[in-house]
Amino acid sequence: MELQKAILRKVGEAVTRFKMIREGDRIAVGFSGGKDSFTLLEALLLLRERAPIDFTVCAFTIEQGKFLKPIEPFREFLEARGVEWTYKVDNPSLRLLAEQPDHGCDLCSRFRRRAVYQIARELGANVIAFGHTADDFCESFLRNAMFTGRLSALPPITWSSKRDFRIIRPLLYVTEDLTRAYAGETGAPIIPCGCSMKTGTVRRSIRDIFTEFEKDYPHLKSTMLSAMGNINTGRLLDLRYLDLESSTGEEPAGPLAILQEDEVFTES
Ligand code: SF4
């Protein structure tokens, strides 16, 4: 119960801060049968009962050939909770897997995106919710900075290209140790995904970095999430955000003239 409360508080904070859910929304939850999307679905169902606005929640699963166990046991589990659940095998994804077994995440997620929009449309949803967690936000932030040369993570709220769907990630403040514990506590028949077992990937290496650092700094992820919402554009190198001329119209006296006290150069 304490765990559930903690998760709901964090989900509530994300939903409110980023205005994720609005009156009359029909939310389709991308449900992979894993601990994260399971926690997301449960949290939204509980929120629906308590929220001062009306919205509905349904769930869908796309089979892309990556599940390591049959997802069928979830049918009973979700029915018992009164969840409207749609399960679809995505044949183009299965063909991709057969023809290019080592295809990367880019192709896989492009195939999934097409299928997601199609199902959400069939379900009459205007909102699609994904179970990306605080871990995913922090990992993608590091991955982008280190491997793609961009400072970015995941959008908490965004729109499909034709703006027909609002896409939300309400678990952004929820870490995976919480989703793991919650799934264990409820006895949900969690389905592992083949990709989560892969070793030797960038994702795995970044996860290992976090595990190592968090032994000494347990609040690392929450600090990183705060950093993502507290950007000091004047201390980065993006010319779009730098004032190269002084705002008074005068030439700055030189780089040292605008240094602040805490910016001390030291020799190493
Ligand atoms: S991790 Fe696996 S399931 Fe996820 S996008 Fe990459 S290939 Fe697809």
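Predicted model: local features only at pLDDT ≥ 70, side-chain atom pairs only at ≥ 80, totals over all residues.
Residues are numbered from 1 along each chain as its sequence is written. Local features need pLDDT of at least 70 and side-chain atom pairs count only at pLDDT 80 or more, while totals for chains, interfaces and linings use all residues.

Start by selecting the six strands, which form an open sheet in the order 3-2-1-4-6-5 with mixed pairing. Strands (E, at least two residues) and helices (H or I, at least four) are DSSP runs, numbered from the N terminus; two strands pair if DSSP finds at least two bridges between them. Strand 3 and strand 5 (157-159) stand at the edges, each with a single partner strand, so one side of each has no neighbour in the sheet. From one strand to the next, the twist averages 25°.

**Strands 1 and 2.** Select residues 26-30 (strand 1) and 56-63 (strand 2): the two run parallel and are joined by five bridges. Isoleucine 27 has valine 57 in strand 2 as its bridge partner. Right-handed here means that, with the strands pointing away from the viewer, the path from the first strand over the helix to the second runs clockwise.

**Strands 2 and 3.** Move to residues 85-89, strand 3, which pairs with strand 2 in the parallel sense over five bridges. Isoleucine 62 is opposite lysine 88, and glutamate 63 is opposite valine 89. With helix 3 (residues 73-80), strand 2 and strand 3 make a right-handed β-α-β unit.

**Strands 4 and 6.** Next select residues 127-129 and 166-168; these strands pair in the parallel sense over three bridges. Valine 127 stands opposite arginine 166.

**Helices 6 and 9.** Show residues 134-148 and 220-228, where the helices pack at about 65° with axes 10 Å apart. Axes are lines fitted to C-alpha atoms, for helices over the stretch in contact, and angles run from 0 to 180 degrees between N-to-C directions. Helix 6 and helix 9 are therefore roughly perpendicular (65 to 115 degrees).

**The ligand.** Finish with the residues around the ligand: Lys66, Cys105, Cys108, Ser109, Cys193 and Cys195. A residue is near if its C-beta atom, placed from the backbone, lies within 6 Å.

Terms used. Parallel < 35°, antiparallel > 145°, perpendicular 65-115°, else oblique.
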